[in-house]
Amino acid sequence: MPRVIIPPPFQGPTRGQGELKVEGRTVRECLGAVEAEHSGFLAQVLREDGTLQRFAKLFVNQEQVGEESLDTALGIDDEVEILAAIAGG
Amino acid sequence: MSSGPSGDKLIRVDMTRQSVEVVDFPDGWRLLGGRALSARILLAECDPACDPLGPENILVMAPGVLSGTAAPTSGRISIGGKSPLTGGIKEANAGGQPGQHLMKLGMRGVVVTGAAPDPERRYALEISADGVRVVPADEYKGMWNYALCEALHQRYPESASFISCGPAGELGLRGASVACTDQDNRYPARHAARGGLGAVMGKKGLKYVMIDPGRAPVREPADRKGFAALCKGYTKSYLGGRQMFKRGTSAVVPAANALHTFPYKNRTSGRSPDVETLDGARIIESFATRGGRMHNCMTGCIVKCSNVVHDAQGRYKTSALEFETLTLLGSNCAIASWEDVADLDRLCDEVGLDTIETGAAIAIYMDAGRMAWGDAEGAKKLVAEIAEGGELGRAIGNGAVATGKYTGHHRVPESRGQAIPAWDPRPLKATGITYCTSAMGADHTAGLIVNPGLPLDRMAWESQKAQIVNAVCDSSGFCQFLQPSLDDIRGFYAALYGIPVSRDAIHDLGWQCLSDEWEFNDGAGFTEADDKLADCMHEDAIGDPPTVFDVPREIIQAAKRRMPAREDLFSSKSTG
């Protein structure tokens, strides 16, 4: 199953879990699978219109992707990582 | 291999006699700089029971260990003393040029004692390769910081940088900041803001410090090849990586709002309806039509997180309009326009005020019904009024707690007398533990943990870890936004002096800094009972689901008991 890596700022809905293996054939399905188990997670990553939140970045197998790649097919060993640029004074 | 930089000095200034002594810097202190050096000096030499605005207090200006070298983004300076705001030890950290300039001259720090016998007189400290001296500076009395720096540019060489206090500092106001000039045009836009150290400077009669490095070279490390390789490798890795702060901290606004840590109307909510108009993306968009840009505040910085903001006519308005300022002077006061916040930022820099403390104070004033929410013009008049020294100006200028007392208002979000910053302890409970336990009081740069889902049983460690990492970072000269780890920092230290620096040693350095600070505060009369937040943080719920700060006492106190080092202590990046 693909892995979804969740940054600390977004671990509120997942109650501190930073890595989840989920059922999903695409990036979008994997994010949806996390949301199904942890309500409130998806809104941190995607806007209501389905585009990426500006403060979230997506990486598939270490390569940055945009929202045009949300429906890209994933293999069972693939990794989706979300990066959140949240800190500062 | 040489032994690295040697022959360093410490400048001791006695403002009572307006005399200067330049003494040898103890060789045993060579890994002490910035915050750790300030803490060591204050613990050893400052009476923790002294009046913070009296001659017994000591003001320390200490660059980081790596300042003045070729290490990237390493020129930060710490300003330290007993805080008139918290009544405890305080370190405030700033960028700009002065840190590097001092170190290039081999000056590891400036220790200012005493006070001018005539409180109406003003003096300056001049530091250059020709020597160090105290000179009269009465003609600059009461000057706002930008006008002061413009006048000083006429007097001193172009290579000089300046540290100054504004009228707020001269009035001894507890929200007063210490200003440092930045790299571009050398505006006084980098502030060691928190804790009222500008008042300590002002009450000593010290209006400004001039540092002219002339042609002093970059500090040479013992292991030149190793140090150069570290600089090159770190820079390449950073610039090739994810560069979190490329658009500045103001771009964090929508993310913070999503996490319910963009306080609105005196923290009665964690989300603001004005998130779009306060978003730093609006500032970046303005560059296309008005000019302005991102820039680095100090030579050698590779992060370039600082913005230069222009007005609608294309003229310079302010620099370093940060997330905290957009929050405390914007959202927290229900002021909706980033442009109004830019005006307020400029005003605070001019008068010499902490934007966090001032924003918190104005929000309390509004919450008390004394001014309408969102009254930007009223807020600007208030800040200008602070410089006049009237009753209302003094209340606001003395910060959140003073404004709470002045208005009789009940909701005063503070810890240890210092206003809570934008990062709210209710959704970010581990950060709340930092606010409770750090000797700095409510200071996110002391150890920020942005993880709303962190389980309770990990919170004490995460706070302690963040506090240690940030203490070492603030001692090193590195900017927190470069995000070095303890392993990174000890690697640079080792190459600088040609000595091994073990994980145990760097852990000890960080822990000793925290311990020195706690010991000072013990002497100032603080006890465990003071390791807490204001009642409103326990009573007023925000977020979804609504939450208060409800961390049990034993978890909070655990953050102050040294835990065995774990692997993540050395690999975790500084976060502030």
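Colleague: How many residues of chain B are in contact with chain A?
Modeller: Two residues are in contact if their C-beta atoms, placed from the backbone, lie within 7 Å. Chain A puts 18 residues into this meeting of the chains. Chain B contributes 25 residues.

Colleague: What pLDDT do side-chain atom pairs need in this model?
Modeller: Residues are numbered from 1 along each chain as its sequence is written, while chains are lettered from A and ligands numbered from 1 in the order in which they are written. The model is predicted: totals for chains, interfaces and linings use all residues, local features need pLDDT of at least 70, and side-chain atom pairs count only at pLDDT 80 or more.

Colleague: Back to the two chains. Which element gives the largest share of the side of chain B that touches chain A?
Modeller: Helices (H or I, at least four residues) and strands (E, at least two) are DSSP runs, numbered from the N terminus. The elements of chain B that give two or more residues to this side are helix H7 (253–258) and helix H10 (323–330). The largest share is 4 residues, and it comes from H7(B).

Colleague: What is the radius of gyration of chain B?
Modeller: Chain B has 22 helices and 17 strands. The globule rule, 2.2 Å times the number of residues to the power 0.38, goes with a radius of gyration taken over C-alpha atoms. For 576 residues the rule gives 25 Å, and chain B comes close to it, so it is as compact as a globular protein of that length, with a value of 22 Å.

Colleague: What percentage of the residues in chain B is buried?
Modeller: A residue is buried if 20 or more other C-beta atoms lie within 10 Å of its own, exposed if 12 or fewer, and partly exposed in between, with C-beta atoms placed from the backbone. Among the 576 residues of chain B, the buried share is 61%.

Colleague: Which are the edge strands of the open sheet in chain B?
Modeller: The sheet has 6 strands in the order S2-S1-S6-S3-S4-S5, with mixed pairing. Two strands pair if DSSP finds at least two bridges between them. An edge strand pairs on one side only, and here those strands are S2 (19–24) and S5 (89–94) of chain B.

Colleague: What angle does helix H1 of chain B make with S3(B)?
Modeller: Helix H1 (residues 34–45) packs on the sheet, touching S3 (59–63), S4, S5 and S6 (107–113) of chain B. Axes are lines fitted to C-alpha atoms, for helices over the stretch in contact, and angles run from 0 to 180 degrees between N-to-C directions. Between H1(B) and S3(B) the angle is about 150 degrees.

Colleague: Which residue in S5(B) stands opposite Ile79(B)?
Modeller: Strand S4 (residues 77–82) and S5 of chain B pair in the antiparallel sense over 6 bridges. They form a hairpin with 6 residues between them, and Gly87(B) in the turn has a positive phi of about 80 degrees. Gly80(B) has Glu91(B) as its bridge partner. Opposite Ile79(B) stands Ala92(B).

Colleague: How many residues of S5(B) are buried?
Modeller: In a regular strand the side chains alternate between the two faces of the sheet. Ile89(B), Glu91(B) and Asn93(B) are buried on one side, and Lys90(B), Ala92(B) and Ala94(B) on the other. S5(B) is largely enclosed by the rest of the structure, because the buried count is 6 of the 6.

Colleague: Is Cys536(B) buried or partly exposed?
Modeller: Cys536(B) sits in helix H20 (residues 535–539) of chain B. Not counting residues up to four places away in sequence, Cys536(B) touches Arg411(B) and Pro413(B). With 19 other C-beta atoms within 10 Å, Cys536(B) is partly exposed.

Colleague: Which residue is joined to Asp544(B) by a cis peptide bond?
Modeller: Omega of this bond is about 5 degrees.

Colleague: What is phi of Lys304(B)?
Modeller: Lys304(B) lies in the loop between strand S13 (293–295) and strand S14 (306–310) of chain B. Lys304(B) counts as partly exposed, because it has 18 C-beta neighbours inside 10 Å. Its phi is positive in a residue other than glycine, near 55 degrees.
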